[in-house]
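Here's a friendly walk through one protein model. Take a look at the sequence and the 3D view first, then read on.

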2 protein chains.
Amino acid sequence: MKFQPPKGTRDFLPEETITRQKVIEVIKTVFENYGFQPLETPAIESWEVLSAKGAGGNEILKETYNFEDLGKRRIGLRYDLTVPLARVVASNPSLQLPFKRYQIEKVWRYGDVTKGRFREFLQADVDIIGSDGVVADAEIIACVISTFTSLGFEKFLVRINNRKILTALGKYAKISSKINAVFTAIDKLDKVGIKGVERELTELKLSKDSIKIILDFIQIQGEPLKTLNKAEKLIGNITEGKQGISELKELINYLEKMKVEPKFKVDFSLARGLDYYTGPIFEVLAEEGIGSIAGGGRYDKMIGLFSGKDIPATGISLGIERIIEVMKERKMIKQTKNKTKVFVAAVNDEVRDETLGLVQKLRQNGISADFDLKSRNLTRQLKYADSIGIPFVIIVGKNELNKNAVKVKDMIKSKESEVKLSNLINFLTES
Amino acid sequence: MKFQPPKGTRDFLPEETITRQKVIEVIKTVFENYGFQPLETPAIESWEVLSAKGAGGNEILKETYNFEDLGKRRIGLRYDLTVPLARVVASNPSLQLPFKRYQIEKVWRYGDVTKGRFREFLQADVDIIGSDGVVADAEIIACVISTFTSLGFEKFLVRINNRKILTALGKYAKISSKINAVFTAIDKLDKVGIKGVERELTELKLSKDSIKIILDFIQIQGEPLKTLNKAEKLIGNITEGKQGISELKELINYLEKMKVEPKFKVDFSLARGLDYYTGPIFEVLAEEGIGSIAGGGRYDKMIGLFSGKDIPATGISLGIERIIEVMKERKMIKQTKNKTKVFVAAVNDEVRDETLGLVQKLRQNGISADFDLKSRNLTRQLKYADSIGIPFVIIVGKNELNKNAVKVKDMIKSKESEVKLSNLINFLTES
């Protein structure tokens, strides 16, 4: 009999789940602080929705769990939270726009299982539907920077680019017919370096001139507005270039007005794989170690796929597993083995009934409490409480009860005190 | 293009998701108060695990979503949270026992879609692994009664029976060979009445004597200990009867010592469908309207299916969708349309930049805030804030700004006040 969960999926025992819950709680709090409202959608979607042209695209569809349900309908497990959102918006025409929603749920992709890559993983998305203004993109970036700051991240960086600028670059370098392959190649700059990108572009049989133009362009760096000005000189006379640069200038301007921490840079080598982006695109780098921990952008054409009527949209998706991995590497997480505060132990069977009443009294006063469910002796009760990580043990014994008191043992400081029953709740609440 | 989620599944828009989050939060708080720790397992499980003999059983397997994954392994969507728990315990032999865990996650069953029955639904489970003492069953019942009380339920009742008593009844009525069909029939007492059960038993071709014994037995009622004493006179000389009754007496005794609210009764017509129960079984009735809103029991043989070594276990599963449905019917839920506290509106474009700074200041002070993302005029900004349900609007205008102030409009009371910027955070925090 197989014990393990399916490959690429994991069980999360309490200690790990407590960590996940803490991280999710911080993220949820920031999302709500920014005015995003929660949405829930089913794990399964019809194949028609998942495979809609312009949705996930072929690369993702190849990795999508799909099957006929018992009623012979083809369905699949969702591979992201963006396509379901587009469907929800299309199917709810009475929704007030702009619609700012967050969703923190699992998605599934049958891909290679490597470090930080799983087949079932948790995404945390924020999106703004119904605003074509760059201010909405700025709001997304401000929210994501707040999120990482609130999680305690010091090192991280939001890379910003614009699909329109990339389109203009394609025209400028005269490689528009191979533009998707070129996007894929330049997106690897971080991983393979400039020589690596050059090699990939050469393999695409681009002319030397084209390659030089592209390589020079994606290496433009520096303070955001200066970077944009440099690019403007090169592609500012191409319609998409002009638009894309002007949008990013406006975006940077908004971020400054919002006094957003300067954890962002304009980076023309950012391309992002998905076909559906139409404007600004963004990606959060953890810097050092694992690469991208969040990514998104503007997708003004996707909702129209479902409803026939385009509605502008922008958003970002955070990868919870990768975020937690980085937080662990950087020792940003204080692990909690057990959330229970008190274990009530009985010295012997004579006082077991008293422990039951006491446990209930603690619980009624909001103090989480556990007790012996296996009729063990005191030593083994203490050992159990210690091994599962409960910080306080109340020891109930006849002698102390006769004085209307119990012993309270602080398991971390290994310190014992006698506490009057009348003062017990106070004592524990303050401990 | 299909807009709707697959049949039997639903999208939850913000208002509904906020309600779900509130209910889950109450449940989670009580579970943790009782010392249960969180566990997470994958939505997909290998078919071998899901279909293990003695796990869900044939009726459930017929309704289980299953398919070959892209690597040609047969997997399925989990139909409950008990089987995955059994697998986790079997695969983690170093887990400290007793292991008290809760899990609040979705499960899937391809069944008929009727009122309160969906194909994707949320379960909230508590289980205690590794204690064969009846005190563990009492702890489960105490926890579930606390949960419903904390949710605000006044009308609800925990029905308690014991599989051993039913086995003894089978022997006493001499119908052991048809025992499962008899269980199914008596389980319907609530729905079809005593005449209905009689009809079903007659269809099973039981003798008149057997039928009379069964009908008399399942109608024994009254105060728990008296009910058990009556039953003891009938089946107390059968081994399983003696054991089962003694366990329930002990259980009732524990509940009394724990001073648990008397929201429970012994009910010999409770059978519960699943094969895997071995001892006490329980079910929570909402009373009036929808029937069962939680159910569980002791299953001492399931973990052994996976590990080859039996480990005693008991637990209960709450059906969140049904609970919320009852709470809505009973008007126990205060709906919240939007969790955002403040919308910051600009009187005109001249002050839009100021709104951005102000919004960020509110957010940094823990006040959730939103602003105009569509360059609308003031009237339309106010209308939007009202329609999505934000209770306060700050109106930023030149005149007030010159006095270092803004207007704050209480959208519910429809009351406007001028508030100094230096006092704004206080004013809103106290509002």
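B:Thr82 touches B:Asp125 and B:Gly315, leaving aside residues up to four places away in sequence; being in contact takes C-beta atoms, placed from the backbone, that lie within 7 Å. Keep in mind that this is a predicted model, where local features need pLDDT of at least 70 and side-chain atom pairs count only at pLDDT 80 or more, while totals for chains, interfaces and linings use all residues. As for the labels, residues are numbered from 1 along each chain as its sequence is written, and chains are lettered from A and ligands numbered from 1 in the order in which they are written.

Is B:Thr82 buried or exposed? It counts as buried because it has 25 C-beta neighbours inside 10 Å. The cut-offs go like this: 20 or more other C-beta atoms within 10 Å of a residue's own means buried, 12 or fewer means exposed, and anything in between is partly exposed. B:Thr82 lies in helix H4 of chain B. Helices (H or I, at least four residues) and strands (E, at least two) are DSSP runs, numbered from the N terminus. For a sense of scale, the C-alpha atoms of B:Thr82 and B:Thr19 are separated by 26 Å, and these two residues are 63 apart along the chain.

**The sheet in chain B**

Chain B has an open sheet of 8 strands in the order S1-S5-S6-S11-S10-S9-S7-S8, with mixed pairing. Strands pair if DSSP finds at least two bridges between them. At the edges sit strand S1 (37-38) and strand S8 (264-266) of chain B, each pairing on one side only. Helix H4 (residues 82-91) of chain B packs on this sheet and touches strands S5 (99-108), S6 (120-129) and S11 (313-319) of chain B. Its direction makes about 40° with that of S6(B); such angles run from 0 to 180 degrees between N-to-C directions, with axes being lines fitted to C-alpha atoms, for helices over the stretch in contact. Helix H11 (residues 239-257) of chain B lies across S7, S8 and S9 of chain B, running at about 150° to S7(B). In chain B, strands S7 (residues 157-162) and S9 (residues 280-285) run antiparallel and are joined by 6 bridges. B:Asn161 stands opposite B:Ile281 in S9(B).

**Strands in chain A**

Now hop over to chain A and its strand S9 (residues 280-285), where 6 of the 6 residues are buried. Both faces are covered: A:Pro280, A:Phe282 and A:Val284 are buried on one side, and A:Ile281, A:Glu283 and A:Leu285 on the other. In S9(A), A:Glu283 has A:Arg159 opposite, while A:Val284 stands opposite A:Ala294 in S10(A).

Chain A also has an open sheet of 3 strands, ordered S2-S4-S3, with antiparallel pairing. Its edge strands are S2 (44-46) and S3 (66-68) of chain A, and the twist averages 35° from one strand to the next. A:Phe67 has A:Ile75 in S4(A) as its bridge partner.

| Strand | Partner | Bridges |
|---|---|---|
| S7(A), residues 157-162 | S9(A) | 6 bridges |
| S9(A) | S10(A), residues 292-298 | 5 bridges |
| S3(A) | S4(A), residues 74-77 | 3 bridges |

**Two helices side by side**

Helices H10 (residues 224-235) and H11 (residues 239-257) of chain A pack at an angle of about 170°, with their axes 10 Å apart.

**How the chains meet**

How many residues of chain B are in contact with chain A? There are 77 of them, in contact with 75 residues of chain A. Helix H1 (residues 14-33) of chain B gives the most to its side, with 7 residues. That side divides into 34 nonpolar, 21 polar and 22 charged residues. Here Ala, Val, Leu, Ile, Met, Phe, Trp, Tyr, Cys and Pro count as nonpolar, Asp, Glu, Lys and Arg as charged, and the others, Gly among them, as polar.

Chain B can be laid on chain A with an RMSD of 0.0 Å by a turn of 180° and a shift of 0.0 Å along the axis, so the two copies are related as by a two-fold rotation axis. The superposition is by least squares on the C-alpha atoms of residues with pLDDT of at least 70 in both copies. In chain B, B:Phe67 comes closest to the rotation axis, at 3.1 Å (C-alpha). The copies meet through the same surface, because 97% of the interface residues of chain B are also interface residues in chain A.

Conventions
Two residues are in contact if their C-beta atoms, placed from the backbone, lie within 7 Å.
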